[in-house]
Amino acid sequence: MERPELPLPQLHAFVVLAEELHFGHAAARLGIAQPPLSQQIRRLEDKVGHALFTRAPGRVALTPAGSELLPAARRALTDLTDGLAAARAVGSGQAGRLRIGFAASLALTVLPGLLRTFRHRFPGVHLDIHEMTSAPQVAALHDRTIDIGLLREPPTDETALGFRTVLSEPFVAVLPSAHPLATHRTVRLAQLADSPFVLLPRAVGPTLYDQIIGLCAAAGFSPQVVQHAVEWQTVCALVETGLGVSLAPASIRRIRLKGVAFRGIEPGTARTRVAVAWREDDHNPLVARLLETISQDPPDGPQDCGPFDRPWRRDSGPR
């Protein structure tokens, strides 16, 4: 069906005249003189092919054709007004949809505060949250199925993605409560050389996995990995069964399991970092709004991530 060409000024003039039923009043409301108003109505009637108003001295009334057109004209103007408002809100980063990927362990640290602050600032934005490990987040960013990633130990060889550190925390040893070292306040890494390990698979977080293996190597041993688990909660649950020990970010201590002991490690200089990630070529204003939220008003983080009272770190911004 051919789309009619109806200029908006004509529709607007028609609706106002239909509401006022008086050319003088309608012209005043529109801020124009009566002759231009009459011309607008005549042009619209020519397009419709029928009179829209009956005109008599001192009296203007809608014709049946005018009465039929009026609801559609009002809807068109309302839809356009709403559409313009929505477009402006999305364009300014006040509305729209932001897809966020996050590593499950971040629900114990930065995620709740970030989402709470962002939703308070931008209530018109719909947040679409996806739980996924670090490597799948990188892939999802490249595939454009998420807009923002919150991941642990971002890769160092990415040129298409930007990263900003939001949290740095030490590692802890995760031990069964019956383990002989569980009675110690801290554990030297070399003391874990003979213990079997439970770790995340390298595929879900290559940089973090390599960092843990590197810490063990620096302590003089290669860990005997007997089991992999995709999530830290599962790692802790397997440690509780006595299957092995693990090294994990300090925030994992917030997973409360009676049969698991979390102990500081020596040397304790190693840190694991959490970063927000985005596509460098992404011009979605909502991405910029989230990065601004991190920079301008970082929410308080947990108090058990090591020596950091406020684990969000303000960096310089997108590269």
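Select Arg55 and look across to strand β2, where its bridge partner is Val60. Helices and strands here are DSSP runs (helices H or I, at least four residues; strands E, at least two), numbered from the N terminus. The model is predicted, so local features need pLDDT of at least 70 and side-chain atom pairs count only at pLDDT 80 or more, while totals for chains, interfaces and linings use all residues. Residues are numbered from 1 along each chain as its sequence is written, and side-chain values use heavy atoms, with hydrogens and water left out.

β1 pairs with β2 (residues 59–62) in the antiparallel sense over four bridges; two strands pair if DSSP finds at least two bridges between them. Two residues separate the strands of this hairpin, and Gly58 has a positive phi near 75°.

Next, select Thr54, which belongs to β1 (residues 53–56). Thr54 is partly exposed, at a relative accessible area of 37%; buried means under 20%, exposed over 50% and partly exposed in between (1.4 Å probe, protein chains only). Leaving aside residues up to four places away in sequence, Thr54 touches Arg59, Val60, Ala61 and Thr63, where contact means heavy atoms within 4.5 Å. A distance of 10.0 Å separates the C-alpha atoms of Thr54 and Leu21, which are 33 residues apart along the chain.

Follow that distance to Leu21, in the loop between α1 and α2. Leu21 takes a positive phi of about 50° although it is not a glycine, and its 36% relative accessibility makes it partly exposed. Most residues other than glycine have a negative phi, and most peptide bonds are trans.

Now step back to helix α1 (residues 8–20). Its 13 residues should span 18 Å at 1.5 Å a residue, and its end C-alpha atoms are 18 Å apart, in agreement; the expected span is 1.5 Å times one less than the number of residues. Colour its buried residues: Gln10, Leu11, Ala13, Phe14, Val15, Val16, Leu17 and Ala18. They pack against α2 (23–30), α3 (34–48), β1, β2 and α4 (64–91).

Show α1 and α3 together. They pack at an angle of about 105°, with axes 9 Å apart; axes are lines fitted to C-alpha atoms, for helices over the stretch in contact, and angles run from 0 to 180 degrees between N-to-C directions. The two helices are therefore roughly perpendicular, a class that covers 65 to 115 degrees (under 35 is roughly parallel, over 145 roughly antiparallel, the rest oblique). Among the residues making this contact are Phe14 and Leu17 of α1 and Leu37 and Leu44 of α3.

Glu153, in the loop between β5 (148–152) and β6 (161–176), has a positive phi of about 50° without being a glycine, and at 11% relative accessibility it counts as buried. Pro267 lies in the loop between β11 (260–266) and β12 (271–279); the peptide bond from Glu266 to Pro267 is cis, with omega near -5°.
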